[in-house]
Amino acid sequence: MTEPIELKNYDSVAKLLHWSIVLLLAVQYAVAWTMPEIHRDMRAEGLISLHLSIGTVILLIMLLRLAWRLFHPIPLATEGFPVWQVRGAYIAHLSLYGLLIAMPALGWANANARGWDVTLFGVFGLPRLVEAHSSIGHLAGDIHTVLAYAALGIIGLHIAGALYHHFRLGDGTLARMLPR
Ligand code: HEM
Ligand code: HEM
């Protein structure tokens, strides 16, 4: 039997950012699946416009989160865990950071290729990444959708890992990310 391990908790900013992203992503996927299918020469209105704005908020929070993380490093719990689990958690976290920055940026490029300006709820506009009708921008849309589903898969594994630690192993991994 290994001794219970003292785990360092995530700081309150890291927790706030983590759970805000969870909430925003839940809304964002729900919007993505209910918004009308996008055809040529459509306008960005209603749920489509909401998708662009929430996606922009997610992108901005993820950039803030990455910066916070770089300046406030917190080690993964390694002691007593098999190497594959530690590596798996590390790779999942790293790819979630990467995907949740790259994927919204690709959606943004696709919106521009469709001739749409991306704004944050109409308050301020983001610069154009590509010209209207850009073929790279259209390709970006396809990759955006593929990455959205890849992220969903990794999120599923991540949640399964968190619940396994909590309910099966009974260790403090989940607690270090919970509000208290
Ligand atoms: C993390 C944030 C985001 C998630 C999870 C997400 C998710 C998705 C998903 C699942 C689809 C496919 C919907 C379907 O099955 O028809 C989609 C399509 C799309 N999203 Fe996002 N999205 C995000 C951010 C953004 C952002 C920031 C923008 C633009 C500013 C954007 C623009 C688009 C566009 C234009 C499409 C249509 C792509 C096409 O059909 O070619 N998304 N998004
Ligand atoms: C949209 C869904 C989610 C995303 C994108 C996400 C993303 C992340 C990322 C990137 C980290 C690494 C944080 C860092 O080191 O900076 C993390 C940590 C963590 N997440 Fe999530 N997460 C999600 C949902 C959840 C859920 C639903 C739970 C609980 C059931 C959870 C539990 C945890 C825990 C416990 C940690 C700390 C892991 C450790 O110390 O090894 N996450 N999450």
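Begin with helix α1 of this predicted model and select its buried residues: Ala 14, Lys 15, Leu 17, His 18, Ile 21, Leu 25, Gln 28, Tyr 29 and Val 31. Then display α2 (46-71), α3 (83-113) and α4, against which these buried residues pack.

Next, view α1 from end to end. The helix has 23 residues, and its first and last C-alpha atoms are 33 Å apart, close to the 33 Å expected at 1.5 Å a residue. At its N-terminal end, select Asp 11, which caps the helix: a side-chain oxygen of Asp 11 lies 3.1 Å from the backbone nitrogen of Val 13.

The iron atom of ligand 2 has His 18 (NE2) and His 158 (NE2) as its protein donors, lying 2.0 Å from it. This pair links distant parts of the chain, with His 18 in helix α1 (residues 12-34) and His 158 in helix α4 (residues 135-169), 140 residues apart. His 18 counts as buried, at 11% relative accessibility, whereas His 158 is partly exposed, with a relative accessible area of 26%.

Finally, select ligand 1. Its iron atom has His 51 (NE2) and His 144 (NE2) as protein donors, lying 2.0 Å from it. Here the pair links distant parts of the chain, 93 residues apart, with His 51 in helix α2 and His 144 in helix α4. His 51 is buried at 12% relative accessibility, and His 144 is buried with a relative accessible area of 16%.

Methods. Residues are numbered from 1 along each chain as its sequence is written. Chains are lettered from A and ligands numbered from 1 in the order in which they are written. This is a predicted model: local features need pLDDT of at least 70, side-chain atom pairs count only at pLDDT 80 or more; totals for chains, interfaces and linings use all residues. Side-chain values use heavy atoms; hydrogens and water are left out. Donors are N, O and S atoms within 2.8 Å of the metal (3.2 Å for Na, K and Ca); water is not among the atoms, so sites may look incomplete. Helices (H or I, at least four residues) and strands (E, at least two) are DSSP runs, numbered from the N terminus. Buried means under 20% relative accessible area, exposed over 50%, partly exposed in between (1.4 Å probe, protein chains only). The expected span of a helix is 1.5 Å times one less than its number of residues. Contact means heavy atoms within 4.5 Å. A polar contact is a pair of N or O atoms within 3.5 Å; within protein, one must be able to donate a hydrogen and the other to accept it, and residues adjacent in sequence count only if both atoms are side-chain atoms.
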